[in-house]
Amino acid sequence: MKQTNYTGWLIVNRFLQTTKFNEIYEYLKQAASKQNCLLSLVTNTDLIPYANQNSCLYSASDLPAPDFILFWDKDIHLAHRLESMGHRLFNCADAIEICDNKALTFSKLSAASDIRMPMTIIAPMTYETVGYKTFSFLAPIEDCLSYPIVIKECYGSFGAQVYLANNREEVIAILKKCQGKQLIFQEFIKSSYGHDLRINMVGDAPVASMLRHNPDDFRANITNGGSMTSYSPTPDQIKLAKAVCRRLNLSFAGVDILFGPDQEPILCEVNSNAHFKNIYQCTGINVADRIIEYILQELSAS
């Protein structure tokens with residue numbers, strides 16, 4: 001007989017206990033409860049992975065063993081260790097790791113002919129204690145991309161680590177500000193200035209979508225002052241989002257899409273742990289419900 005009542009762990013970061021994050025955790029726990037699923041909140045300080053053996057230090061030993069783990073964090077070492085111990089993670093560790101690093105995301109998708117992306121160049125590696133001492137490497141990048149150029153820190157969320165440079169002086173100022181962090185340079189998609197599309201995918205289904213607008217900033221993120229409108233994506237936009245999730249082996253994701261000169265969809269970025277409160281408020285669709293339903297269906301089918 002198939003199991004019907006599942007137990008899961010919702011793994012979150014102990015050091016991100018803010019209202020914004022706690023609301024997301026509560027949505028997920030409530031969604032699980034509606035499906036008669038016990039989803040226990042576990043932090044990455046409750047499970048500390050060994051490096052030299054296939055186990056973790058447990059400080060929450062009273063928790064029931066999970067049938068699955070909803071890994072809502074970026075602690076990649078912990079995610080990989082839990083998978084090596086035999087736990088099933090949603091999303092899987094590899095997908096989370098790829099999406100967390102923008103350079104890695106675009107590199108992994110580079111061979112996909114069905115995914116249109118901005119021209120992207122990975123900045124030469126330096127060290128945060130060293131930074132860049134010379135900027136001669138910018139010349140071929142400028143020849144390839146031309147100004148304005150988008151500069152993104154490889155690790156960042158909510159558009160806060162995304163910059164637009166109109167000339168070399170501005171590029172150098174941004175590089176100095178970033179203090180040696182890993183960066184990518186990208187082609188600026190002028191036709192999508194201040195607006196983009198967020199599609200929340202669960203499995204192969206686009207479960208909720210919204211347009212984001214910001215007339216005062218090239219970034220459309222709501223956190224940066226943008227507004228939102230419910231939206232029905234086109235078949236081409238859905239096709240792109242599906243292709244991205246399949247290539248990266250994502251169970252669920254927030255796929256951000258730009259609008260090309262002829263309104264063709266162009267990938268902006270992919271979020272493995274996309275926040276969904278804004279899209280819930282915008283569309284009335286609770287993505288947490290769809291995520292839990294998907295996980296339970298996957299468990300029942302296995």
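Cys282 counts as buried, at 19% relative accessibility, where buried means under 20% relative accessible area, exposed over 50% and partly exposed in between (1.4 Å probe, protein chains only). The sulfur of Cys282 lies 18 Å from the closest cysteine sulfur, that of Cys268, which is too far for a bond. Cys37 is likewise buried, with a relative accessible area of 6%, and its sulfur is 19 Å from the closest cysteine sulfur, in Cys92, again too far for a bond. With a disulfide taken as a pair of cysteine sulfur atoms within 2.5 Å, the count is zero.

The model is predicted, so that local features need pLDDT of at least 70 and side-chain atom pairs count only at pLDDT 80 or more, whereas totals for chains, interfaces and linings use all residues. Residues are numbered from 1 along each chain as its sequence is written, and side-chain values use heavy atoms, with hydrogens and water left out.

The protein is divided into domain 1 (7-97), domain 2 (120-188) and domain 3 (191-293), with bounds from an automatic or database domain assignment. The centres of domain 1 and domain 3, taken over C-alpha atoms, are separated by 25 Å. In domain 1, 21 residues are in contact with 19 residues of domain 3, contact meaning heavy atoms within 4.5 Å.

Helices (H or I, at least four residues) and strands (E, at least two) are DSSP runs, numbered from the N terminus. Helix H3 (residues 93-100) is mostly covered, six of its eight residues being buried. These are Ala93, Ala95, Ile96, Ile98, Cys99 and Asp100. The buried residues of H3 pack against strand E5 (68-71), helix H2 (76-84), helix H4 (102-109) and strand E15 (265-271).

The structure holds 12 salt bridges, each defined as a side-chain nitrogen of Lys or Arg within 4 Å of a carboxyl oxygen of Asp or Glu. One of them joins the side chains of Arg212 and Asp196 (2.9 Å, N to O). Arg212 lies in strand E12 (residues 205-213) and Asp196 in strand E11 (residues 195-202), so this pair ties together parts 16 residues apart in sequence. Both Arg212 and Asp196 are buried. Another salt bridge links Asp256 with Arg198, whose closest N and O atoms are 2.4 Å apart. Asp256 lies in strand E14 (residues 252-259) and Arg198 in strand E11, so the parts tied together are 58 residues apart in sequence. Asp256 and Arg198 are both buried.
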